[in-house]
Amino acid sequence: MRGNRVKEKLNKGEVAVAVGGHSNTSDTIDFLGPLGFDGIWLEGEHGSVSWGGIGDLSRACDLWGMASVARLHQNDPGVITRILDLGVNGIVVPHVSSRAEAERVVESAFFAPAGRRGIFSGRRAYGASDFHERANAETLVIVLIEEMQAVENLDEILSVDHIDVFFVAPGDLAQTMGMVGRHRDPEVEAVVEGAIRKIVASGRTPGALGYEDKLQHYHDLGVRFFLTNYNAWLEEAGRAYLDRVAAIRPG
């Protein structure tokens with residue numbers, strides 16, 4: 001048990017930032033570690049994260065004091081329990097659009113009395129006589145609000161305890177609004193911001209994509225958890241470098 005930097009900062013009302021990208025390897029985590037991010041977003045819904053790799057990925061995060069925040073591919077007790085048993089200390093569950101689905105996440109992620117997670121002592125239990133209590137205290141739970149059904153049912157979803165972050169995800173949300181690929185459309189952004197305001201008004205913590213041009217605005221609305229993606233930084237720097245090469249004058 002090594003704590004959970006993201007959850008600790010959120011509990012203090014501070015901003016926490018997780019970073020992800022195209023590569024889900026321990027070498028990438030080691031490279032990002034010294035930069036000071038609070039957590040690493042391990043992409044298990046759309047990316048290359050495998051069951052066999054979870055142990056090394058979460059250990060790499062532990063070495064740098066970062067939370068290992070894994071997005072799962074489905075809201076299933078077996079999937080949630082297994083990935084926690086293998087060592088991650090944060091989960092992101094997609095397509096949570098009803099109170100029942102939110103309750104299913106909590107029941108799967110926590111031991112009694114908060115939930116019904118199956119009793120097992122994975123690597124985080126080694127040397128910890130109070131593992132079950134500490135696991136309940138340190139496990140980070142994020143649910144994705146990414147469908148109009150979730151927005152319409154948001155009040156009842158927000159009534160479910162033990163969820164740390166309600167992350168309003170614009171990509172799939174735009175799709176359910178009939179705007180595939182238009183996640184920065186003003187109409188989509190208006191729905192995102194409306195959901196954020198409702199989450200804050202309920203006393204819960206919202207999460208959002210950390211667009212650089214939206215950071216201050218989202219923070220002012222009450223967002224305390226941001227996800228950023230380094231792919232865009234690599235692309236921007238790469239193109240800028242090639243532009244400089246192209247500008248070299250002969251002779």
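What follows is a conversation in which each label is set against its definition.

Tutor: This is a predicted model, in which local features need pLDDT of at least 70 and side-chain atom pairs count only at pLDDT 80 or more, while totals for chains, interfaces and linings use all residues. Residues are numbered from 1 along each chain as its sequence is written, and side-chain values use heavy atoms, with hydrogens and water left out.

Student: What makes the strands a barrel, and in which order do they close?

Tutor: The 8 strands close in the order β1-β2-β3-β4-β5-β6-β7-β8, with parallel pairing. From one strand to the next the twist averages 25°, where the axes are lines fitted to C-alpha atoms and angles run from 0 to 180 degrees between N-to-C directions. Strands themselves are DSSP runs of E with at least two residues, and helices are runs of H or I with at least four, both numbered from the N terminus.

Student: Why do β1 and β2 count as a pair, given 2 bridges?

Tutor: The requirement is at least two bridges, and 2 bridges join the parallel strands β1 and β2, so they count as paired. Val19 stands opposite Ile40 of β2. Elsewhere, strand β7 (residues 206-209) pairs with β8 in the parallel sense over 3 bridges, with Gly207 opposite Phe225, and strand β4 (residues 90-93) pairs with strand β5 (residues 140-145) over 4 parallel bridges, where Gly90 has Leu140 as its partner.

Student: Why is β1 described as largely enclosed?

Tutor: A residue is buried when its relative accessible area is under 20%, exposed when over 50%, and partly exposed in between, using a 1.4 Å probe and protein chains only. Because 4 of the 5 residues of β1 are buried, the strand is largely enclosed by the rest of the structure. Strand β8 is likewise mostly covered, with 4 of its 5 residues buried.

Student: Why is Thr81 called buried, and which residues is Thr81 in contact with?

Tutor: Thr81, found in helix α4, has a relative accessibility of 14% and therefore counts as buried. Leaving aside its neighbours within four places in sequence, Thr81 is in contact (heavy atoms within 4.5 Å) with Ser108, Arg117 and Gly118.

Student: What makes a space a cavity rather than a pocket?

Tutor: On a 1 Å grid over the protein atoms alone, a cavity is a set of points where a 1.4 Å probe fits but cannot get out, whereas a pocket is an open set with protein on both sides within 12 Å along at least five of seven lines, and lining residues have an atom within 4 Å of a point.

Student: How many residues of each class line the second largest cavity?

Tutor: Ala, Val, Leu, Ile, Met, Phe, Trp, Tyr, Cys and Pro count as nonpolar, Asp, Glu, Lys and Arg as charged, and the others, Gly among them, as polar. On that basis, the lining of the second largest cavity has 7 nonpolar, 6 polar and no charged residues, while that of the largest cavity has 7 nonpolar, 3 polar and 5 charged.

Student: What lines the largest pocket?

Tutor: The largest pocket, about 750 Å³ in volume, is lined by 35 residues, with Leu209, Tyr211, Leu227, Thr228 and Asn229 nearest its centre. Helix α12 gives the most to this lining, with 4 residues, and by class the lining has 10 nonpolar, 15 polar and 10 charged residues.

Note on methods. Points joined across faces, edges and corners; volume = space filled by probe spheres on them.
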